[in-house]
Amino acid sequence: MLRLPPSTGISRLLRSPRLLAGSGVLILVIIAVALALVLSGGSGTPTPAVLPSLHSYVGPESMFNPDTSVTTDPGPTLDQIKRLGAERVHVYLHWTDVAPDITSTVRPNFNAADPAAYPAAGWAFFDTIISDIKARGMGIDLALVPPPPRWASGKGAPDPSTQTWWRPSASEFGQFVTAVATRYSGHYIPPGATEPLPRVDFWSIWNEPNLGTQLAPQAIDNSRVEVSPRLYRKLLDAAWTALQTTGHGHDTVLIGEVAPAGSTTGTEPGDFNSMAPLRFLRALYCVDSSYRRLRGEAAKLRGCPTTTAGSAAFAAQNPGLFDASGFADHPYPQGLPPNTITPDEPDFAELAEIPKLERVLDVLQRVYGSHTRFPIYSTEFGYQTTPPDTEAGTVSPQTAAVWLNWAEYLTWRDPRIRSYDQFLLTDPPRGNFASGLESATGVPKPGFYAYRMPIYLPVTTTDRGHPLEVWGGVRPAYFARRETHRPQRVEIQLRPDSGARFETVATVNLTDPYGYFDVKLVFAGSGTVRTAWTYPRGPQVFSRTVGVMLR
């Protein structure tokens with residue numbers, strides 16, 4: 001389990017598979033630092049040593065969910081995200097962004113699989129943003145998300161305002177995905193253009209299908225029968241087929257995109273609340289709470305095979321559930337420390353519960369004879385801060401900065417997690433869901449600096465002469481190395497309790513392509529630790545600070 005509080009001992013850390021890979025290097029590092037201490041007379045700041053990272057693991061990739069500023073001011077927003085070092089931008093393409101007559105209950109007469117049949121104005125932003133992201137050397141995760149147009153929604157919603165996410169048509173969604181995938185195949189030339197649009201090769205299917213404001217109803221019969229998993233299974237099948245038939249068969253395709261929590265009391269989730277993600281997954285894969293295949297009426301109600309022969313064909317009939325590139329989770333810790341689970345909620349998928357999510361996904365595969373072990377992608381993550389946010393689950397900006405780095409360290413320690421996501425660059429104007437790195441007025445919050453150069457020390461107090469683990473990263477180093485064609489280095493600096501300024505005590509070669517490092521370092525005394533790095537042809541920047549104490 002990924003539960004490592006700050007007091008975790010060195011002995012536990014040395015059992016980490018990522019650290020064991022470099023355990024031989026560890027001895028050499030400690031000897032080198034000890035020699036540096038001797039050469040410096042055994043007191044004060046040691047002569048700076050060049051330290052190799054203790055592991056050779058690559059990743060995780062940095063993903064970023066920008067706010068609405070990317071639609072109003074895309075160039076500067078993307079420049080800022082790149083300067084912060086994010087390698088991939090998560091872009092939402094809502095079905096209603098491009099569909100015609102979205103409020104009509106009558107389907108317009110058009111070929112929904114043909115991108116040229118859609119209003120050109122709807123595509124304009126996405127053509128531009130995809131081209132701009134590609135031009136900056138960043139990757140894109142194009143998320144095909146609700147709401148659908150009214151004419152592609154089912155009938156019977158409790159209120160017309162909820163109609164647009166009520167029982168959406170899988171066949172219409174498949175045609176919509178066909179149009180998008182054709183347009184961004186790398187071969188499509190829009191009417192009036194002379195060059196093809198860029199290719200997209202990284203996709204997410206839907207958004208939080210276990211949340212009733214994204215897909216409804218969630219459950220019926222006093223919430224005893226899950227409905228949203230059945231709906232999502234059909235939507236996924238349609239999208240999968242569309243991507244396969246439009247030349248995207250070898251692309252990265254993420255499924256799930258689940259919210260990390262759900263209502264588990266009374267008659268919830270009902271139509272529009274959230275279903276706990278692991279319950280959602282069991283119904284999605286047609287198993288009961290003991291992970292046995294559903295049969296009879298229970299299977300029929302959930303759109304699952306009712307016979308042994310039907311179960312044997314389930315994997316072949318639902319290839320997206322078994323052949324996707326990875327499973328996407330939104331592992332928000334609900335305002336808790338990143339190593340803490342919500343008590344008495346075994347079906348949640350917060351960051352600390354990702355190991356359980358991995359085990360559940362593996363079991364679901366084995367039920368059908370599959371050996372797939374899905375990588376996990378974090379595609380939404382962050383801490384809401386107060387001020388300005390006042391709802392439950394918020395923390396102070398200073399606490400958020402510390403916990404963001406701690407969360408990223410835990411993400412890094414799990415080799416199955418392939419991305420670390422930051423949700424929002426700038427807080428919304430009204431302060432709702434204020435998880436941005438900047439305030440609504442553009443002022444950097446403490447999380448801004450924590451994101452750009454994460455630093456985390458699992459243990460901050462030790463005996464003199466004993467090493468401490470210093471983990472961190474220089475996110476912009478990813479682009480700096482590509483720009484300069486030179487290896488990047490980061491300095492570890494210490495300001496002694498008795499001193500007035502920071503001194504460099506070690507330099508680390510950043511061999512990880514994403515800029516992460518993990519070293520053991522003997523500090524000469526108590527003080528404050530930070531890291532420092534200089535942009536190519538730019539300023540020197542620093543991480544947040546961490547206090548260390550030597551006994």
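Colleague: Does P428 count as buried or exposed, and why?

Modeller: Buried means under 20% relative accessible area, exposed over 50%, and partly exposed in between, with a 1.4 Å probe and protein chains only. P428 has 19% relative accessibility, so it counts as buried. Bear in mind that this is a predicted model, where local features need pLDDT of at least 70, side-chain atom pairs count only at pLDDT 80 or more, and totals for chains, interfaces and linings use all residues. Residues are numbered from 1 along each chain as its sequence is written, and side-chain values use heavy atoms, with hydrogens and water left out.

Colleague: Where is P428 placed, and what does it touch?

Modeller: Helices (H or I, at least four residues) and strands (E, at least two) are DSSP runs, numbered from the N terminus. P428 lies in the loop between β11 (417-423) and α17 (446-452). Contact means heavy atoms within 4.5 Å. Leaving out residues up to four places away in sequence, P428 touches F433, A434 and A440.

Colleague: How many of the 551 residues in the protein chain are buried, as a percentage?

Modeller: Buried residues are 58% of them. The protein chain holds 18 helices and 20 strands. For overall shape, the radius of gyration is taken over C-alpha atoms, and the globule rule is 2.2 Å times the number of residues to the power 0.38. Here the radius is 25 Å, close to the 24 Å that the rule gives for 551 residues, so the chain is as compact as a globular protein of that length.

Colleague: Now helix packing: at what angle do α8 and α9 pack?

Modeller: Axes are lines fitted to C-alpha atoms, for helices over the stretch in contact, and angles run from 0 to 180 degrees between N-to-C directions. Angles under 35 degrees count as roughly parallel, over 145 as roughly antiparallel, 65 to 115 as roughly perpendicular and the rest as oblique. Helix α8 (residues 170-183) and α9 pack at about 30 degrees, their axes 8 Å apart, and are therefore roughly parallel. Residues in their contact include F173 and V177 of α8, and L235 and A238 of α9.

Colleague: And what is the angle between α9 and α10?

Modeller: Helix α9 (residues 228-245) packs at about 60 degrees to helix α10 (residues 277-284), with axes 8 Å apart. That makes α9 oblique to α10. Y232 of α9 and F280 of α10 are among the residues making this contact.
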